[in-house]
Amino acid sequence: MSEGIDLKELKRRMDGAITAFKNDIASLRTGRASANVLDPVQVEAYGSRVPLNQVANISVPEPRMLSVSVWDKGMVGAVERGIRESNLGLNPIIDGQNLRIPLPELNEERRKSLVKVAHDYAEKAKVAIRHVRRDGMDDLKKAEKDGDIGQDLSRSQSEKVQKMTDETILDVDRLLAEKEKEIMQV
């Protein structure tokens with residue numbers, strides 16, 4: 001008989017979902033400029049789509065302005081197009097090999113749409129966490145059916161997996177509530 005499933009591995013995978021969620025919501029714009037705003041931007045470069053940070057430096061010279069320094073002069077147009085097509089509501093201004101991106105004031109409607117995007121990211125994270133739980137439960141059922149573990153150990157570990165899942169989903173909800181408050185703050 002074995003000890004059941006690897007709870008540490010399940011926890012690591014759930015933490016991975018939380019990390020991905022944190023990265024997603026960090027890219028959502030609040031009242032101040034952040035280089036993370038441009039994280040989701042993909043640029044058509046050298047025959048493939050690459051993240052913006054692989055073809056340019058992003059800086060925040062002022063609280064309501066982003067600056068993008070494109071490394072290759074020929075890529076300026078592609079970078080500008082990538083930013084415009086990213087649905088972030090940004091209009092870059094080309095200045096030689098640099099792009100200046102003024103961040104417009106967030107109105108109520110834009111704030112609400114950002115909150116909706118944050119909720120979508122949260123739902124995606126919760127689904128990923130539930131997939132990890134399902135994988136763990138499937139492994140437990142299989143181990144019990146194959147006779148590798150007893151019914152008591154299976155039940156106790158499935159309760160631990162469920163508890164871990166509930167705690168991780170609560171973390172997602174807490175992070176979402178903080179981000180929502182930050183976005184709606186005028």
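A nonpolar core is defined here as a set of buried Ala, Val, Leu, Ile, Met, Phe, Trp, Tyr and Cys residues joined through side-chain atoms within 4.5 Å, where buried denotes under 20% relative accessible area, exposed over 50%, and partly exposed the range in between (1.4 Å probe, protein chains only). The model is predicted, and local features were required to have pLDDT of at least 70 and side-chain atom pairs pLDDT 80 or more, whereas totals for chains, interfaces and linings use all residues. Residues are numbered from 1 along each chain as its sequence is written, and side-chain values use heavy atoms, with hydrogens and water left out.

The largest nonpolar core holds 28 residues, of which Leu10, Phe21, Ile25, Leu28, Ile129 and Val172 touch the most other members. Helices H1, H3 (108-145) and H4 each supply at least two residues of this core; helices (H or I, at least four residues) and strands (E, at least two) are DSSP runs numbered from the N terminus. The largest share, 11 residues, comes from H3. Contacts of Ile129 (heavy atoms within 4.5 Å), not counting residues up to four places away in sequence, are with Met14, Ala17, Thr165, Thr168, Ile169 and Val172. A second, separate core comprises 23 residues, among them Ala56, Val68, Met75 and Val76. In soluble globular proteins, nonpolar side chains tend to be buried together.

Helix H1 (residues 7-26) packs against helix H4 (residues 151-184) at an angle of about 10°, with the axes 11 Å apart. Axes are lines fitted to C-alpha atoms, for helices over the stretch in contact, and angles run from 0 to 180 degrees between N-to-C directions. The two helices, H1 and H4, are therefore roughly parallel to each other (angles under 35 degrees; over 145 is roughly antiparallel, 65 to 115 roughly perpendicular, and the rest oblique). Residues of H1 in this contact include Leu10, Met14, Ile18, Phe21 and Ile25, and those of H4 include Val161, Met164, Thr168, Val172 and Leu175. By class, the contact of H1 with H4 has 12 nonpolar, 3 polar and 5 charged residues, with Ala, Val, Leu, Ile, Met, Phe, Trp, Tyr, Cys and Pro counted as nonpolar, Asp, Glu, Lys and Arg as charged, and the others, Gly among them, as polar. Asp152 also lies in helix H4 and is exposed, with a relative accessible area of 61%. The C-alpha atoms of Asp152 and Met65 are separated by 59 Å, at a spacing of 87 residues along the chain.

Four strands form an open sheet in the order E3-E4-E6-E5, with antiparallel pairing; strands pair if DSSP finds at least two bridges between them. Strand E3 (56-62) and strand E5 (93-95) stand at the edges with a single partner strand each, so one side of each is left without a neighbour in the sheet. The twist averages 25° from one strand to the next. E3 and strand E4 (residues 65-70) are joined in the antiparallel sense by 5 bridges and form a hairpin with 2 residues between them. Ile58 has Val68 in E4 as its bridge partner. Antiparallel pairing of E5 with strand E6 (residues 98-102) involves 3 bridges, and Asp95 is partnered by Asn98 in E6.

Ser67, located in strand E4, is buried, with a relative accessible area of 15%. Leaving aside neighbours within four places in sequence, Ser67 is in contact with Asn57, Ile58, Ser59, Pro61 and Leu99. In helix H2 (residues 76-84), Val76, Ala78, Val79, Glu80, Gly82 and Ile83 are buried. The cover over the buried residues of H2 includes strand E1 (42-45), E4, E5 and E6.
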